[in-house]
Amino acid sequence: MNFPAIPRPALLAAIFALNFIEFLQTGMLVFAAAPSMGHIGASPEEYAALSALYAAVAVLAISQVTVLVQRLGWRNYLLASLLCFVLGAWLSAGADRVPVFALGRILMAAGGAAFMTVSRMLVNLIPPSPQRLQGIAAFGSALALGIALGPWAAAELVGREAWGGMFLVLALVALGAAVLAARWLPPGADTLDGSPTRLHTLDAALLAGGAGLALFGAQRLAYDWHGERAHALFLLALGLAMLLAFGLLHTRRRAPFLHLEVLGSRRYRAGLAIFSLCYLVLGAVSTALPQLVQRALGVGFEAAGRLQSAGMAVSFLAFWAVLATVRVRPHATKFYVVAFLMLALLGWHFSHLDPRGHAWDGVTWWIGLFGGFLVVAMAATAVHGFKDFQANNVVFSHAQQLKNMLSQPALALGVGATNALLQERGALHGARLAEAALDPAAPVTQQAALLAGMDVFWVLMWVGLAGAALLLRQRAFD
């Protein structure tokens, strides 16, 4: 296999920039969901539908990475994707209505949803050697730094009435990545020149349509469980049927754009489940935590962003600790058990939060457990979940695509389900507290928001404990 001669600093910068966009975007937009809804005049249900639409387009875009890179080459593919992303970010930045924002987000998904996948595949442009760890370091550092800086950047921009600045910052980083791609990335499909794949239009339509309908139906169930439940169940069933039809049809293709055979690996299936759960938790905590801190503890939006980013800075240290440890003690079990115990401890603390405590002492340092959970669990999955595909870059690419495709609906489902749970539990607690307030000095709505947020973290505590117990006994990564 021929590896292109790319200056190492330029390649590492491209790897970092593309993955940084992915996680900075997630960190900013999930944290700033409430002001975003207000800015474009969207209800929570409409915003959930936009999340489902973004996820459907993102799933389709990620599924086509290998097909398009093989035909366009790394340089042209990335330049086209970055241009589409920048155009979508520009539209989103100026949007003040739902339709304009929806169009902008569709373009951002079509161009940028695959950035994480592409970033990881660019690591493989470094020949197998100890130097490849530099690529892994750039990839992981971007993840940790992106999720840490996202809430702070969103808080600062929204607090200064520059809501659209979130998208302009993303566009600026994307333009920097475009300069790197145009100047240094190879025109050909180096390392992906075997096992040709094809774009199958019917399969693509079933995949995108099924993902969108299934996710939208699942989100509607959360909001309409006591209302139009039959309609939501029908959408969910239709979406799942379309996804099943895609799977049955696509496995018979001679040159599929997605090698579903990778699911035959037990190690890989376990990695998929853990990675998807990480994204589900990312959506849940990133939704519940700002509401708990702002509404229940009375911390302002800007202060809440600084507080959350300060705590999430631990994720950067956690990544480098994992990188140092895995070189000498690579076994997966200890990483997963530690990660899920961190999640359990996070859930326990916030499910017993004292609203009279100091926010920085009672919140900031505990948020570090959230960042630690994400980075340790994701890094362990990245190291151990793909070992069965290391010998074939094309199959490895398909495995990465499928993993990142699942992350999109998992994130959107985490956000949507948590919003719905907070609303339902908040209403229930509010009705109970209207007669007997826990703290007569605090408004009923504030107490209800506190209790609803604590309920979410109580669930996460049990998810962490169950995950630690199961993974302590796992054998899939041995």
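## Aromatic pairs

In this predicted model, the aromatic pairs number 17. One of them joins Phe 23 and Tyr 279: the ring centres are 6.3 Å apart and the planes stand at 45 degrees, so the pair is tilted. That angle falls between the limits used here, under 30 degrees for stacked and over 60 for edge-to-face. Phe 23 belongs to helix 1 (residues 8-31) and Tyr 279 to helix 11 (residues 266-296), so the contact ties together parts of the chain that are 256 residues apart in sequence. Phe 23 and Tyr 279 are both buried.

A second example is the pair of Phe 246 and Phe 257. Here the planes meet at 25 degrees and the ring centres are 6.1 Å apart, so the pair is stacked.

## Aromatic cluster and a charge over a ring

Tyr 268, Phe 386, Phe 389 and Phe 396 make up one aromatic cluster. By residue number, Tyr 268 falls within helix 11 (residues 266-296), and Phe 396 falls within helix 16 (393-433). Phe 386 and Phe 389 have numbers that fall between helix 15 (359-384) and helix 16 (393-433).

A lysine also takes part in a contact with an aromatic ring. Lys 403 is placed over the face of Phe 275, at 4.4 Å from the ring centre. The residue number of Phe 275 puts this ring in helix 11 (residues 266-296), and that of Lys 403 puts the charge in helix 16 (393-433).

## Salt bridges

The count of salt bridges is eight. Which residue does Arg 267 bridge to? The partner is Asp 388, and the closest N and O atoms of the two are 3.6 Å apart. This pair links distant parts of the chain, with Arg 267 in helix 11 and Asp 388 in the loop between helix 15 (359-384) and helix 16 (393-433), 121 residues apart. The two partners fall into separate accessibility classes. Arg 267 has 14% relative accessibility and therefore counts as buried, the limit for that class being under 20%. Asp 388, with a relative accessible area of 44%, is partly exposed.

Arg 425 and Asp 455 also meet through their side chains in a salt bridge, at 2.8 Å from N to O. Arg 425 is in helix 16 and Asp 455 in helix 17, so this bridge ties together parts that are 30 residues apart in sequence. Both ends count as partly exposed, Arg 425 at 26% relative accessibility and Asp 455 at 21%. Arg 97 is partly exposed, with a relative accessible area of 47%.

## Nonpolar surface patch

Leu 341, Leu 421, Trp 458, Val 459, Trp 462 and Leu 465 make a nonpolar surface patch of about 560 Å². Which helix gives the most to the nonpolar patch? Helix 17 (residues 444-472) does, contributing four residues. Val 459 is in helix 17 and has 40% relative accessibility, so this valine counts as partly exposed.

## Val 169

Another valine, Val 169, is located in helix 8 (residues 165-184). Val 169 has a relative accessible area of 32% and is partly exposed. Between the C-alpha atoms of Val 169 and Leu 157 the separation is 9.9 Å, and the two residues are twelve residues apart along the chain.

## Overall fold

The secondary structure of the chain consists of 17 helices and zero strands. Buried residues account for 58% of the 478 residues.

Along the principal axes, the C-alpha atoms fill a box of roughly 70 × 50 × 45 Å. For 478 residues, a compact globule would have a radius of gyration near 23 Å; the value for this chain is 22 Å, which agrees.

Conventions: Residues are numbered from 1 along each chain as its sequence is written. This is a predicted model: local features need pLDDT of at least 70, side-chain atom pairs count only at pLDDT 80 or more; totals for chains, interfaces and linings use all residues. Side-chain values use heavy atoms; hydrogens and water are left out. Patches are made of residues with over 30% relative accessible area and no salt bridge: like charges are joined within 9 Å, nonpolar side chains (Val, Leu, Ile, Met, Phe, Trp, Tyr) within 5 Å. Accessible areas come from the Shrake-Rupley method with a 1.4 Å probe; for residues, only the protein chains shown count as cover. A salt bridge is a side-chain nitrogen of Lys or Arg within 4 Å of a carboxyl oxygen of Asp or Glu. Helices (H or I, at least four residues) and strands (E, at least two) are DSSP runs, numbered from the N terminus. Buried means under 20% relative accessible area, exposed over 50%, partly exposed in between (1.4 Å probe, protein chains only). Rings of Phe, Tyr and Trp (its six-membered ring) pair if their centres lie within 6.5 Å; planes under 30 degrees apart count as stacked, over 60 as edge-to-face and the rest as tilted. A charge sits over a ring if NZ of Lys or CZ of Arg is within 6 Å of the ring centre and within 35 degrees of the ring normal. The radius of gyration is taken over C-alpha atoms; the globule rule is 2.2 Å times the number of residues to the power 0.38.
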